[in-house]
Amino acid sequence: MVQKSASVTDLLTEKFDSLTRAERQLASSLQENYPVSGLGSITNVASKAGVSAPTVARLVQKLGFAGFAEFQASLRDELEARISNPIAKHDSWAGKAPTEHILNRFTDAVLDNIRQSLAQIDHQAFDRTCDLLADTDRHLFIAGGRITRMMADYFFLHMQVIRPDVTNIQSISNAWPHYLLNMKQGDVLALFDIRRYENSTLRLAEMAKERGAHIILFTDQWRSPVDKIADHSFGVHVEVPSAWDSSAATLLLIETMIASIETRTWSDTKQRMQTLEEMFDRTRFFRKFK
């Protein structure tokens, strides 16, 4: 029986290297238009991937499911979770909430999210991403959505101190062409997209990709549609006993990246910080205690 915390796309990614050629072909097909791509009959799923029905059955078992029905039930649960609005999310947990205090229940859920998220992060992919973000020969663009704007702003504020040539893209899509106009081959776009995924974020990613930018995606365990075109994608766990998802695991990830990038660029970053502190002193921005 598959652990409920593991999404099917995570399982496909984890098992991909051990699959046969036909199974890899099927796995790639399933990750297109995911999770809807796996909700047809076993014959239809096989036909769309250009493989046989027994191949579908074998892959399902390799992923840890008892059969195709259990596999599809997991996909339907993921689809329901993806489209849940805040009211539906609240209703789904409020009726079965345990009696412990909300502080304990919420903290336990956040810590569980962090543990699961860290267990699924590939350290080499993490390091390659930090190398890209630290490369000052590449202009760094950062963008978020309606809720994820907060995380994008936080990431931008720190990256702007660490290195030059960092741009915070406004959340209104009619301003994007002006930013895209300055985006060139090899630049980096860091995107934040958590369920409910925004159509405009996908369009921005597609247009940036067309201009040759590297896409770094921060998303959730169900993964934004941007995942299919991202060069590096980090799907963290976000569910908590609330009408809203938690940003704690995502913030931990980006704060760790900030620390890693800062280490890579420290000689230049230190000078930038010293100059910034001199500016703060001149403007008396912070209160001084004597």
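Let me start at one spot: arginine 223 sits in the loop between E4 and E5. The model on the screen is a predicted one. Phi of arginine 223 is near 70°, a positive value in a residue other than glycine. Is arginine 223 buried or exposed? Its relative accessible area is 14%, and buried means under 20%, so arginine 223 is buried.

You will find aspartate 165 in the loop between H9 and strand E2, residues 166–168. With a relative accessible area of 42%, aspartate 165 counts as partly exposed.

One more backbone detail. The peptide bond from arginine 195 to arginine 196 is cis, with omega near 0°. Arginine 196 belongs to the loop between strand E3, residues 188–192, and H11.

Now the whole chain. The protein chain has 13 helices and five strands. Its C-alpha atoms fill a box of roughly 70 × 50 × 35 Å, taken along the principal axes. The chain has 290 residues, and 45% of them count as buried.

Next, the aromatic rings. A pair of rings is described by the distance of the centres and the angle of the planes. The count here comes to six aromatic pairs. In one of them, phenylalanine 155 and phenylalanine 218, the ring centres are 5.9 Å apart and the planes stand at 70°; an angle over 60 degrees counts as edge-to-face, so that is what this pair is. Which parts of the chain does the pair tie together? Phenylalanine 155 lies in helix H9, residues 149–162, and phenylalanine 218 in strand E4, residues 214–220, so the tie is between parts 63 residues apart in sequence. Phenylalanine 155 is buried, at 0% relative accessibility. Phenylalanine 218 is buried too, with a relative accessible area of 1%.

Phenylalanine 218 also pairs with phenylalanine 234, and this pair is stacked, at 6.0 Å centre to centre and 20° between the planes. Here the link runs from strand E4 to strand E5, residues 232–236, and the two phenylalanines are 16 residues apart. Phenylalanine 234 has 4% relative accessibility and therefore counts as buried.

Helix H7 runs over residues 102–120, which is 19 residues. The buried residues of H7 are Arg105, Ala109, Val110, Asn113, Ile114, Gln116 and Ser117.

Helix H2, residues 21–30, has Ala22, Glu23, Leu26, Ala27, Ser29 and Leu30 as its buried residues. They cover an arc of only 160° around the axis, so they are on the same side of H2.

Last topic: empty space. Rolling a probe the size of a water molecule over the atoms shows where empty space is left. How many cavities of 30 Å³ or more does the structure hold? It holds one. The space in this largest cavity is about 40 Å³. Its lining consists of Ile114, Ser117, Leu118, Ile121, Val236, Ala249, Leu252 and Leu253. H7 and helix H12, residues 248–264, are the elements that give two or more residues to that lining. By class, the cavity lining has seven nonpolar residues, one polar and no charged.

The second largest pocket has a volume of about 800 Å³. It is lined by 26 residues, and Thr13, Gln120, Asp122, Arg223 and Ser233 lie nearest its centre. So much for where we began: arginine 223, in the loop between E4 and E5, is among those nearest the pocket centre. Helix H1, residues 8–15, H7, helix H8, residues 123–134, and E5 each supply at least two lining residues. H1 gives the largest share of the lining, six residues. This pocket lining divides into 10 nonpolar, eight polar and eight charged residues.

Notes
Residues numbered from 1 in each chain as written. Predicted model: local features only at pLDDT ≥ 70, side-chain atom pairs only at ≥ 80, totals over all residues. Heavy atoms only, no water. Helix = DSSP H or I, 4+ residues; strand = E, 2+ residues; numbered from the N terminus. Expected span 1.5 Å × (residues − 1). Buried < 20%, exposed > 50% of the residue type's maximum accessible area, 1.4 Å probe, protein only. Phe/Tyr/Trp six-rings, centres within 6.5 Å; stacked < 30°, edge-to-face > 60°. 1 Å grid on protein atoms, 1.4 Å probe; cavity = no way out; pocket = protein on both sides within 12 Å on 5 of 7 lines; lining within 4 Å. Points joined across faces, edges and corners; volume = space filled by probe spheres on them. Nonpolar A, V, L, I, M, F, W, Y, C, P; charged D, E, K, R; others polar. Arc of directions from axis to C-beta.
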